[in-house]
Amino acid sequence: QFSDATDLLLEKTVGRGAARPIWNEMKGNTALAFEARRGGQVLLDALDALRRNWGERFELHVIGHSAGSIFLGHLLSALTARKPPRDSAPAKLGALWPKTVNLFAPACTVAFANQHYAGNEDVLDRLSMDILSDRAERDDNVSYIYRKSLLYFVSAALEADPRTPLLGMARIGSPEDHGWDGSSDTGETLAAWRLAAQQADLSRRTEVVDKPVNVATGGGGRTVQPASHGGFDNDIDVVSRTLARITGGDLALPVVDLRGY
């Protein structure tokens, strides 16, 4: 029978012993990609070429799911380094900058979010998030072995400090929740994020997924599945509102079937 005790055993063995080095390497490689003349900068050069070709018709929208929030954080910081001042002519002519920033269950730490998302009001003003409720996180599982969500596993086993607050965990919004690693730095980190989010009115653009989600509503009828960390790209409501943000209005055709995505 799986329980909190077996979850703790998995965190200490499989997580910290085997998975943590892979997680750390992935994060390190993502940061490295945006150093000079590496792949991330080549990507930005290609996007800038598209912008020049398309002119005012060009729009950049970015979406990151889970660890994708780490890639996008570095990408946004690299863009910030390139971005001209607001009052300069290139900015008015449509400089390379995302119109919307969309995160699903972001697996980056709150400290990372403070550095790469909260540090720029142009990012926070465009940021929207879809996350699981804490109840849904606890009802989720990883390969039916670890009996909580992947974010719980990352928080407890893969980051340097056990119980590190992650951006996609709904709990980070509660000042009464003290179930983190207990360091003073963590308290300051959470307070800084909450203040930035409050000033940007981010709660208005944050949707908390708690109940089973629709994955198909077409000719075959309504099909639902439990809310899960890996299910955001199958959730008709999540994908529909993301596309509506990108297009700036109602969709010409509704999203009706996301089974298998």
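## Exercises on side-chain contacts and a cavity

A salt bridge joins the side chains of Asp-130 and Arg-245, with N and O 3.8 Å apart. The model is predicted, so local features need pLDDT of at least 70, side-chain atom pairs count only at pLDDT 80 or more, and totals for chains, interfaces and linings use all residues. Residues are numbered from 1 along each chain as its sequence is written, and side-chain values use heavy atoms, with hydrogens and water left out.

**Exercise 1. Describe the salt bridge of Arg-135 and Asp-139.**

Step 1. Take the distance: N to O is 2.5 Å.

Step 2. Locate the partners. Both lie in helix H7 (residues 134-139); they are 4 residues apart, so about one helical turn separates them.

Step 3. Arg-135 is partly exposed at 41%. Asp-139 is exposed at 52%.

**Exercise 2. Characterise the aromatic pair of Phe-34 and Phe-71.**

Step 1. Start with the count: the whole structure holds 3 aromatic pairs. Rings of Phe, Tyr and Trp (its six-membered ring) pair if their centres lie within 6.5 Å; planes under 30 degrees apart are stacked, over 60 edge-to-face, and the rest tilted.

Step 2. Read the geometry. Phe-34 and Phe-71 are 5.3 Å centre to centre, with 55 degrees between the planes, and the pair is tilted.

Step 3. Locate the rings. Phe-34 is in the loop between helix H1 (4-32) and helix H2 (39-54), while Phe-71 is in helix H3 (residues 68-82), so the pair ties together parts 37 residues apart in sequence.

Step 4. Phe-34 is buried at 9%. Phe-71 is partly exposed at 33%.

**Exercise 3. Classify the pair of Tyr-146 and Phe-153.**

Step 1. The ring centres of Tyr-146 and Phe-153 are 5.0 Å apart and the planes stand at 70 degrees, so the pair is edge-to-face.

Step 2. Tyr-146 is buried at 3%. Phe-153 is buried too, at 10%.

**Exercise 4. Give the volume and lining of the largest cavity.**

Step 1. Define it. On a 1 Å grid over the protein atoms alone, a cavity is a set of points where a 1.4 Å probe fits but cannot get out; lining residues have an atom within 4 Å of a point. Points are joined across faces, edges and corners, and the volume is the space filled by probe spheres set on them.

Step 2. Search. The whole structure has 1 cavity of 30 Å³ or more. The volume of the largest is about 40 Å³.

Step 3. Name lining residues, including Leu-132, Val-209, Phe-232 and Asp-235.

Methods. On a 1 Å grid over the protein atoms alone, a cavity is a set of points where a 1.4 Å probe fits but cannot get out, and a pocket is an open set with protein on both sides within 12 Å along at least five of seven lines; lining residues have an atom within 4 Å of a point. Helices (H or I, at least four residues) and strands (E, at least two) are DSSP runs, numbered from the N terminus. Buried means under 20% relative accessible area, exposed over 50%, partly exposed in between (1.4 Å probe, protein chains only). A salt bridge is a side-chain nitrogen of Lys or Arg within 4 Å of a carboxyl oxygen of Asp or Glu.
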